[in-house]
Amino acid sequence: MEKLTIVKVGGKIVEESESLQILLNDFSHIQGYKLLVHGGGRSATRIASQLGIESKMVNGRRITDAEMLKVVTMVYGGLVNKNIVAGLQALSVDALGMTGADMNILRSEKRPVKDVDYGFVGDVKEAGGEALSKLIRAGVVPVLAPLTHDGKGNLLNTNADTIAGEAAKALAQYFDVTLMYCFEKKGVLRDENDDDSVIPEIDETLFKEYVADGIIQGGMIPKLENAFAAIRAGVKEVIITQATEISSGIGTRIR
Ligand SMILES: Nc1ncnc2c1ncn2[C@@H]1O[C@H](COP(=O)(O)OP(=O)(O)O)[C@@H](O)[C@H]1O
Ligand SMILES: CC(=O)N[C@@H](CCC(=O)OP(=O)(O)O)C(=O)O
């Protein structure tokens with residue numbers, strides 16, 4: 001099978017134009033088929049606050065009421081997505097910005113209310129691997145925003161790490177997929193404040209130990225859960241790395 005590289009870029013990197021430009025430039029140099037997934041949680045928090053709307057996160061997920069859904073739709077589907085598309089087009093990458101509603105790529109269900117009411121947050125139920133694979137083979141580079149739809153006309157907010165994991169799983173039938181989660185640190189660290197403490201390889205047993213010890217916490221937990229789910233579903237390789245290292249492949253590998 002042919003190789004497909006999926007890069008997910010989040011928070012701090014997309015918020016700062018300089019780091020985003022470096023990432024887009026490195027991404028443009030990836031050979032072969034590729035797809036980019038972006039987050040933008042920090043941009044949504046900033047713009048919501050400018051509009052007088054407070055952000056609330058629980059277990060790494062945004063509580064998304066009707067007003068916040070409008071903000072994330074504008075920020076992820078508009079501002080962040082289209083800036084990335086324009087940046088990639090300037091680098092001669094034929095990018096196409098999409099939400100999960102476009103071509104029915106990612107259909108989700110509103111997360112049921114249990115202990116927490118997350119509001120308009122969607123859990124992915126179906127991913128359109130075939131439609132995406134056709135676009136990719138036609139030479140298009142999809143740029144996915146962290147928005148899904150429920151098939152009944154409603155957009156839902158979905159964590160970008162999950163979008164990347166679900167897209168990777170759906171595309172694993174069609175390509176040898178490498179999934180790279182890029183962020184501001186060099187990988188999964190033994191000590192969050194020491195960039196030289198990168199854990200080169202991690203499996204689920206080690207992951208559970210590190211979570212129990214408090215070494216892995218916060219946003220890194222859902223990121224790794226998505227990474228293990230992707231490997232179990234046939235994704236060839238998952239790497240967690242610094243945004244500046246996508247060409248070197250240095251970082252933490254998932255086993
Ligand atoms: N062991 C760890 N190694 C690296 N980062 C960790 C670790 N444990 C927790 N983190 C935190 O996880 C964050 C990454 O998750 P998140 O903010 O969701 O990513 P993103 O930047 O992709 O949106 C890092 O900024 C860091 O603060
Ligand atoms: C439901 C949920 O939490 N959605 C995320 C989507 C954006 C995201 O994941 O952005 P990063 O990758 O930059 O963190 C949010 O609104 O923050």
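Here Ala, Val, Leu, Ile, Met, Phe, Trp, Tyr, Cys and Pro count as nonpolar, Asp, Glu, Lys and Arg as charged, and the others, Gly among them, as polar. On that scheme, the shell around ligand 1 has 6 nonpolar, 8 polar and 4 charged residues. This is a predicted model, in which local features need pLDDT of at least 70 and side-chain atom pairs count only at pLDDT 80 or more, while totals for chains, interfaces and linings use all residues. Residues are numbered from 1 along each chain as its sequence is written, with chains lettered from A and ligands numbered from 1 in the order in which they are written.

Back to the ligand. There are 18 residues around ligand 1, and Gly10, Gly11, Leu189, Gly219 and Met220 come nearest (a residue is near if its C-beta atom, placed from the backbone, lies within 6 Å of the molecule). Helix H1 (11-15) and helix H8 (220-232) each put at least two residues into this shell; helices (H or I, at least four residues) and strands (E, at least two) are DSSP runs, numbered from the N terminus.

The unreviewed UniProt entry lists Gly40, Gly41, Arg62 and Asn157 under "binding site", though such annotations may be inferred rather than shown by experiment. These positions are spread over 118 residues of sequence, yet they cluster in space, with a largest C-alpha distance of 11.8 Å.

Two of these positions can be followed up. Gly40 sits in the loop between strand E2 (33-38) and helix H3 (41-50). Gly40 is buried because 27 other C-beta atoms lie within 10 Å (20 or more means buried, 12 or fewer exposed, in between partly exposed, with C-beta atoms placed from the backbone). Neighbours within four places in sequence aside, Gly40 is in contact with Val14, Val75, Tyr76 and Val80, contact meaning C-beta atoms, placed from the backbone, within 7 Å. Asn157 belongs to strand E10 (residues 155-157) and also counts as buried, with 27 C-beta neighbours inside 10 Å. Among the residues that Asn157 touches, leaving out those up to four places away in sequence, are Arg62, Phe120 and Pro146.

Elsewhere, helix H5 (residues 129-137) packs on helix H6 (residues 160-171) at an angle of about 80 degrees, with their axes 9 Å apart. H5 is therefore roughly perpendicular to H6, a label for angles of 65 to 115 degrees. Gly129, Leu132 and Ser133 of H5 meet Ala167, Ala170 and Leu171 of H6, giving a contact with 4 nonpolar, 2 polar and no charged residues.

Technical notes
Contact = placed C-beta atoms within 7 Å. Axes fitted to C-alpha atoms, helices over the stretch in contact; angles between N-to-C directions. Parallel < 35°, antiparallel > 145°, perpendicular 65-115°, else oblique.
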